[in-house]
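Please read it with the sequence and the model side by side.

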Amino acid sequence: MSPALPEGERVPDGGPLAGLAAGGGAVLPPFGVYLHVPFCRVRCGYCDFNTYTAGELGGGADQAGYAATAVAEIRLAAAALTTAELPARPAATVFVGGGTPTLLPATDLLAMLGAVRAEWGLAPGAEVTTEANPDTVDEASLEQLAAGGITRLSLGMQSAVPHVLATLDRTHTPANVGRAVAAARAVGLDVSLDLIYGTPGESVADWRRSLEAALDLAPDHVSAYALGIEEGTRMGAQVRRGELPPTDPDDQAEKYEIADSALASAGLPWYEISNWARPGHQSRHNLGYWRGADWWGIGPGAHSHVRGTRFWNVKHPRAHAALVRAGRLPAAGREVLNPEERAFERLMLGVRLAEGVPVRGRARDLLPGLITRGLVEAAPAEHGRVVLTRHGRLLADAVTHELAG
Amino acid sequence: MRFSLTELAQTITPAATRPELLRNFCIIAHIDHGKSTLADRMLQLTGVVDERTMRAQYLDRMDIERERGITIKSQAVRMPWQVGGTAYALNMIDTPGHVDFTYEVSRSLAACEGAVLLVDAAQGIEAQTLANLYLALENDLMVIPVLNKIDLPAAQPDRFAEELAGLVGGSPDDVLRVSGKTGEGVRELLDHIVDLVPNPTGNPDAAARAIIFDSVYDTYRGVITYVRVKDGHLSPRERIMMMSTGATHELLEIGVISPEPIPTRGLGVGEVGYLITGVKEVRQSRVGDTVTNATKPAKEALGGYRDPRPMVFSGLFPMDGSDYPDLRDALDKLKLNDAALVYEPETSAALGFGFRCGFLGLLHLEIVRERLEREFGLDLISTSPNVEYSVTLEDRTVVDVTNPSEFPSGKVAEIREPMVRATILAPSEFIGAIMELCQDRRGSLLGMDYLSAERVELRYTLPLAEIVFDFFDQLKSRTRGYASLDYEEAGDAPSDLVKVDILLNHETVDAFSAIVHKDKAYAYGVEMTGKLRKLIPRQQFEVPIQAAIGSRVIARESIRALRKDMLAKCYGGDITRKRKLLEKQKEGKKRMKAIGRVEVPQEAFIAALTSEAPTGKK
């Protein structure tokens with residue numbers, strides 16, 4: 001979760017779901033639950049997520065009490081859905097993200113998952129992911145998590161190159177990534193690795209080394225993100241002061257192409273602009289974001305989406321905890337999308353996916369031009385589906401603009 | 001014997017004042033030397049304006065004038081003043097104080113017999129003041145040298161009294177010392193004006209002749225024309241004739257300003273006042289023209305009339321293309337009050353629909369632009385100012401070029417450019433810096449004189465084009481603000497000029513074409529292409545930017561193709577912000593101008609065209 005909340009409308013007195021039409025349609029989209037854990041041991045220099053170190057909190061929002069707050073919020077959320085007469089359904093996916101969820105004891109994470117199970121139920125074969133820092137897991141904790149229902153581990157590897165990790169302020173030991181992957185495998189978890197490319201000072205060779213190191217661990221899934229240095233982060237300040245060069249989009253484009261080739265030839269084709277997976281191992285939870293599914297976000301700053309209404313929680317853990325303690329959903333704002341906005345989001349998110357997105361009318365007429373310019377794949381375009389080429393993926397925003405008109 | 005006040009006042013009744021009791025004078029001063037404050041003090045002392053109704057700087061009516069501390073439009077105020085038991089009527093004619101309005105100054109001077117030369121006792125005389133002083137002396141005006149602001153701690157009255165005495169003739173002791181702020185010395189000055197300024201003379205029985213020294217558009221009254229009667233008499237309701245055009249109008253109202261308009265039974269020899277005829281545009285009542293009786297017209301005009309001639313040209317374009325009709329309406333309105341403003345529609349591939357406008361000079365341009373933005377709420381882009389070139393082709397056709405994009409493409413035999421004679425006054429320690437600047441701007445030194453041990457006057461001939469960019473700013477910065485500049489037209493001269501085009505992806509961007517000296521073409525090209533490379537965002541393809549003279553490329557830059565614009569992460573919490581970002585970009589794209597396939601943000605054009613407009617110098 002990025003720190004700044006969007007501008008939206010005030011949450012109505014009836015709560016974030018007020019005004020939504022009750023009842024269900026013929027086919028319901030999958031329902032997912034996002035559980036935010038806003039704690040980290042240290043804050044990384046590039047990180048603009050809504051996360052806090054232990055020393056920054058307290059006042060009813062410390063780590064020890066967090067699971068209880070989250071459980072209470074899950075109950076409030078389930079009750080709100082019921083009150084709104086929206087059809088309740090079991091969660092098809094659960095994603096525990098942060099922060100560093102594994103800073104909390106496994107019992108806390110499982111308590112939160114237990115609340116999801118109790119309130120909504122888990123669909124058969126549900127995907128339950130937790131993010132983890134390689135230093136914060138061991139065989140015992142992973143075994144406990146797997147036994148409690150976690151099915152997937154997403155590890156923040158970022159890089160295999162020490163000087164790159166140092167620039168990113170990452171404290172984990174590269175060797176711990178391998179140990180964590182082995183431990184996860186041993187208890188039957190799917191494994192995903194997060195990588196970051198385009199860090200100032202990272203050479204192309206450095207990036208290749210990180211990719212090779214990641215592939216050597218035979219992950220089921222890889223997310224690779226171009227580093228973005230945001231205002232308000234430590235690295236942002238370093239760039240502003242001239243202590244660090246800014247990221248170079250050309251360098252990042254080259255590294256994206258390298259990653260796409262390397263991952264695809266290792267048997268992990270892309271399924272989203274920044275995500276690659278062995279067939280059948282895509283993140284179903286994340287696919288929900290891009291396919292317009294419903295999900296409920298629990299925790300400070302977490303976003304939710306229910307049937308074209310987006311809402312988001314207050315950002316600070318203390319404010320969040322206080323609202324939940326008072327028995328209120330901690331929503332800070334919401335937006336009810338109009339049909340044009342929904343259509344635009346479908347396009348904006350759909351072009352990110354390898355499965356593509358159907359277009360009609362004027363947009364469809366533009367496809368031949370986009371194919372000629374090497375931005376869109378020809379074969380799916382014949383059926384009116386936009387699937388971006390590698391070149392097109394790098395220019396996804398431009399393509400979105402063109403198709404949206 | 002003593003007259004009663006009423007009897008005294010009767011002797012100076014407007015339309016019936018004997019010329020011997022009239023004194024017509026103006027104040028020649030530099031912008032911030034305190035002319036308006038002194039005028040305020042005179043209005044108070046003569047009882048024309050009382051303390052309570054006194055608005056600071058009464059004569060400067062328009063906001064822009066007040067903010068810039070300059071007087072654009074002159075006006076005339078009639079003030080009673082008694083000396084030795086005799087009542088006099090003093091007409092103070094306010095003069096514009098900037099180089100662009102030299103002609104208007106000359107017409108104001110032609111309406112006077114005397115001039116107060118007002119100089120800041122802390123700063124000494126400035127170039128424009130000196131130029132206006134010379135004008136006054138040429139017009140045989142009685143010049144009364146006065147040092148103002150003697151209350152300032154930094155005042156050096158002795159030093160500058162000597163300088164003034166040297167310029168005007170006479171002894172430093174003759175230089176009056178006043179403070180407009182405290183009022184010190186102002187009574188004495190008024191007495192001096194009565195004593196020293198000759199009274200007007202003229203033939204009361206001749207056909208009426210009055211010189212127009214100002215003409216102002218008023219929303220309620222139409223054009224108000226300020227005149228000084230030389231011969232004869234003008235009366236209400238008679239028909240008058242403008243001698244330059246032969247146009248006749250009925251005199252709806254005639255009167256004096258004191259300080260509000262007061263209708264009178266007319267104006268006689270030597271008197272100064274206003275006329276209202278119901279015309280709606282100041283160009284129907286032009287500064288410098290002679291007014292006469294339509295039924296009994298004078299044979300000869302008073303002379304000195306000249307059509308206002310634009311010297312500097314610039315394209316004005318609305319930032320938002322849909323404001324074009326508003327811009328046209330606004331210009332039409334400004335024209336009512338500005339006889340020198342000329343404009344015609346212009347279309348630019350880069351900037352859309354707009355107007356090519358002609359101005360007297362840079363200040364005039366700035367004032368018009370500012371009024372359009374402020375009074376009419378328009379957002380404008382103005383192209384780099386340029387002058388008018390006369391291009392002779394080898395087939396002897398002559399083309400006048402006021403817009404670089406209209407530069408003829410045929411074989412050119414000769415190009416002539418307007419020249420100016422510039423006078424620069426500065427402390428002598430800056431002679432080197434000034435000479436370097438003038439030489440760099442293709443100037444030739446005409447002469448140099450020391451006004452005093454520390455102050456020097458340099459005279460140069462310079463191409464006007466070299467002055468209209470940033471010459472004055474450069475001059476100020478190289479002399480720590482001490483130099484002052486005045487210039488006047490000095491014909492034209494042949495010059496080795498070329499037109500440099502800027503091409504974006506092989507298409508000429510008309511707004512950036514410039515006519516520059518051959519020696520500076522390369523520097524202009526390098527600077528402009530470099531600037532545009534930084535300002536234009538990367539496109540999906542490589543975009544070459546070239547500077548070319550005809551088909552010869554003299555500088556080249558390239559904007560590399562954009563390879564990546566996508567957001568790496570777009571999860572649940574990012575979607576709303578991402579959508580809003582794209583919506584914002586879409587709004588931004590609407591304000592892009594397409595040059596061929598290249599999308600250029602409006603801001604890039606503005607940044608390339610404004611303040612730091614390349615001059616061919618680093």
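This is a predicted model: local features need pLDDT of at least 70, side-chain atom pairs count only at pLDDT 80 or more; totals for chains, interfaces and linings use all residues.

1. Chain A as a whole. Chain A contains 15 helices and 16 strands. It has 405 residues, of which 48% count as buried. Among the contacts in chain A with a separation of 6 or more, 74% are between residues 24 or more positions apart.

2. Strand 6 of chain A. This strand covers residues 152-158 and is mostly covered, with 7 of its 7 residues buried. A:R152, A:S154, A:G156 and A:Q158 point one way from the strand, whereas A:L153, A:L155 and A:M157 point the other way; all are buried.

3. The neighbours of strand 6 in chain A. Strand 5 (residues 122-132) of chain A pairs with strand 6 in the parallel sense over 4 bridges. Within strand 6, A:L155 is the residue that stands opposite A:A132. Strand 6 is also joined to strand 7 (residues 190-197) of chain A, by 6 bridges, and these two strands run parallel. Here A:S154 has A:S192 of strand 7 opposite it.

4. The contact between the chains. On the side of chain A, 36 residues are in contact with 23 residues of chain B. Several elements of chain A each supply at least two residues to this side, including strand 8 (221-226), helix 8 (249-265), helix 11 (339-350) and helix 15 (396-404).

5. In soluble globular proteins, nonpolar side chains tend to be buried together. The largest nonpolar core of this model has 172 residues, and those with the most contacts inside it are B:I28, B:A115, B:L117, B:V146 and B:I424. Strand 21 (residues 412-427) of chain B gives the most to this core, with 7 residues. A second, separate core has 121 residues, among them A:Y52, A:V71, A:A224 and A:A321.

6. The surroundings of B:I28. Leaving aside residues up to four places away in sequence, B:I28 touches B:T95, B:A115, B:V116, B:L117, B:L118, B:T129, B:N132, B:L133 and B:A136.

7. An open sheet in chain B. Which strands form this sheet, and in what order? There are 4 strands, in the order 16-17-15-18, and the pairing is antiparallel. Strand 16 (342-348) and strand 18 (380-382) of chain B stand at the edges with a single partner strand each, so one side of each has no neighbour in the sheet. From one strand to the next, the twist averages 30°. Strand 16 of chain B is joined by 7 bridges to strand 17 (residues 352-359) of chain B, and the two run antiparallel. One of the residues concerned is B:T347, whose bridge partner in strand 17 of chain B is B:F353.

8. The position of B:E281. Where is B:E281 found? B:E281 lies in the loop between strand 13 (272-276) and strand 14 (290-293) of chain B. B:E281 counts as partly exposed because 17 other C-beta atoms lie within 10 Å, whereas a buried residue has 20 or more. B:E281 and B:G222 are 59 residues apart in sequence, yet 7.6 Å apart in space from C-alpha to C-alpha. Not counting residues up to four places away in sequence, B:E281 touches B:V223, B:K335 and B:L336.

Methods
Residues are numbered from 1 along each chain as its sequence is written. Chains are lettered from A and ligands numbered from 1 in the order in which they are written. A nonpolar core is a set of buried Ala, Val, Leu, Ile, Met, Phe, Trp, Tyr and Cys residues joined through C-beta atoms within 7 Å. A residue is buried if 20 or more other C-beta atoms lie within 10 Å of its own, exposed if 12 or fewer, and partly exposed in between; C-beta atoms are placed from the backbone. Two residues are in contact if their C-beta atoms, placed from the backbone, lie within 7 Å. Two strands pair if DSSP finds at least two bridges between them. Axes are lines fitted to C-alpha atoms, for helices over the stretch in contact, and angles run from 0 to 180 degrees between N-to-C directions.
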